[in-house]
Amino acid sequence: MNLTILTGATALLFLGFIFELVRRRRLREKYAVLWIFVGVIVLGLGLFPTALNHVAIAFGVANGVSLVLFFGVMFLLLVCLHLSWEASRLEDETRVLAEEVALLRLRMDEQSERTEERSAS
Amino acid sequence: MTDTLHAAAPDTAAEAATGEAARRTQRVLIIVPAWNEAESIGRVIAEVEGALPFVDVLVVDDGSTDGTAAVARNAGAVAVRLPYNLGVGGAMRLGYKYARDHGYDIAIQVDADGQHDPAYVPKLIDALSESALVIGARFAGEGDYRVRGPRRWAMTMLSWVLSRLARTKLTDTTSGFRACNRELIALFADWYPVEYLGDTVETLVRALRLGFRVSQIPVAMRQRQLGTPSQSPAKAMLYLGRAFLTLFLALVRR
């Protein structure tokens with residue numbers, strides 16, 4: 001019973017934290033949906049830790065906790081991979097922006113030089 | 001491999017003899033990627049403009065903090081300044097974008113540390129009548145540049161594989177002294193890898209896989225005017241590993 005209180009309370013805190021981040025617009029919607037979904041699952045499992053036992057046995061896994069551990073690790077790996085992918089994409093985007101800034105700055109310098117020449121003559 | 005993508009080979013003797021004239025009618029841009037090279041960049045620009053009065057010089061200041069761009073401008077070059085350091089590949093893509101937007105026919109990369117001798121540029125340009133990309137290569141007869149250990153194995157492996165791909169001998173695939181034509185300028189303006197070795201090896205593989213002809217001419221490289229190349233054994237091994245990885249990825253990437 002004590003374990004259920006611990007995991008249930010943790011899950012509630014987690015869900016509350018995600019909700020607060022979404023509410024303050026710190027998380028983009030695509031991530032918000034994902035993490036709220038995760039939070040709900042964590043809450044469900046936190047309140048009923050044995051709920052997955054019969055699913056686990058059907059899969060040939062000793063108990064529900066092991067199954068949750070396995071899927072949890074897989075999920076975290078996928079999330080990490082996704083973040084690397086996002087970071088690569090963002091770097092590509094910032095690279096384009098850096099190029100644009102450099103070219104714009106060059107054109108601005110050339111333009112102001114030309115106006116200076118014109119006002120000098 | 002199709003021949004349609006290759007630069008048209010001169011089909012008459014008269015045309016072959018007009019290398020000099022082509023040099024004057026074609027617009028040539030020298031792209032100099034520079035990161036904190038304020039001390040040597042002025043000399044490099046003066047040397048290029050002295051030896052090659054028909055070219056324009058673009059210095060891509062790759063987020064320098066020592067005023068490289070200002071020195072370059074005072075020396076008479078056009079200087080674009082990236083807001084932060086991207087690496088050679090990043091600087092070069094910006095250089096090719098500039099070349100494409102300003103309608104240059106030929107773009108030639110020259111390093112800012114003074115190890116590339118601009119006297120070879122006319123030879124690079126002449127070789128472009130036969131190829132889309134020409135590498136100024138060490139180890140090809142001229143000069144006495146030497147490397148040993150894993151770094152040498154990496155270079156041997158790279159030149160063996162790339163020579164097979166190119167169907168011509170390429171002895172110095174990591175050389176930063178290279179010239180390319182209009183079609184490759186258009187490609188490199190949109191796509192130029194920023195990863196280590198990607199700016200040299202991967203671009204060669206991509207150009208070859210797209211059917212462009214790549215060749216080399218022998219050049220002598222000078223000692224760097226400033227700064228020393230990293231040569232510790234651990235770094236050399238790392239270099240070998242990265243060379244394998246880069247080559248492998250370049251060969252399997254779409």
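Ala107(B) stands opposite Cys180(B) in strand S6(B), strands being DSSP runs of E of at least two residues, numbered from the N terminus. The model is predicted, so local features require pLDDT of at least 70 and side-chain atom pairs count only at pLDDT 80 or more, while totals for chains, interfaces and linings use all residues. Residues are numbered from 1 along each chain as its sequence is written, and chains are lettered from A in the order in which they are written.

Strand S4 (residues 106-109) and strand S6 (residues 178-180) of chain B run antiparallel and are joined by three bridges; two strands pair if DSSP finds at least two bridges between them. Both belong to an open sheet of seven strands in chain B, ordered S3-S2-S1-S4-S6-S5-S7, with mixed pairing. From one strand to the next, the twist averages 20°, with axes taken as lines fitted to C-alpha atoms and angles running from 0 to 180 degrees between N-to-C directions.

The largest nonpolar core has 75 residues, of which Val32(B), Leu58(B) and Val59(B) touch the most other members. Such a core is a set of buried Ala, Val, Leu, Ile, Met, Phe, Trp, Tyr and Cys residues joined through C-beta atoms within 7 Å, where buried denotes 20 or more other C-beta atoms within 10 Å of the residue's own, C-beta atoms being placed from the backbone. Helix H5 (residues 88-101) of chain B contributes the most to this core, with seven residues; helices are DSSP runs of H or I of at least four residues.

Technical notes
Buried ≥ 20, exposed ≤ 12 C-beta atoms within 10 Å, placed from the backbone.
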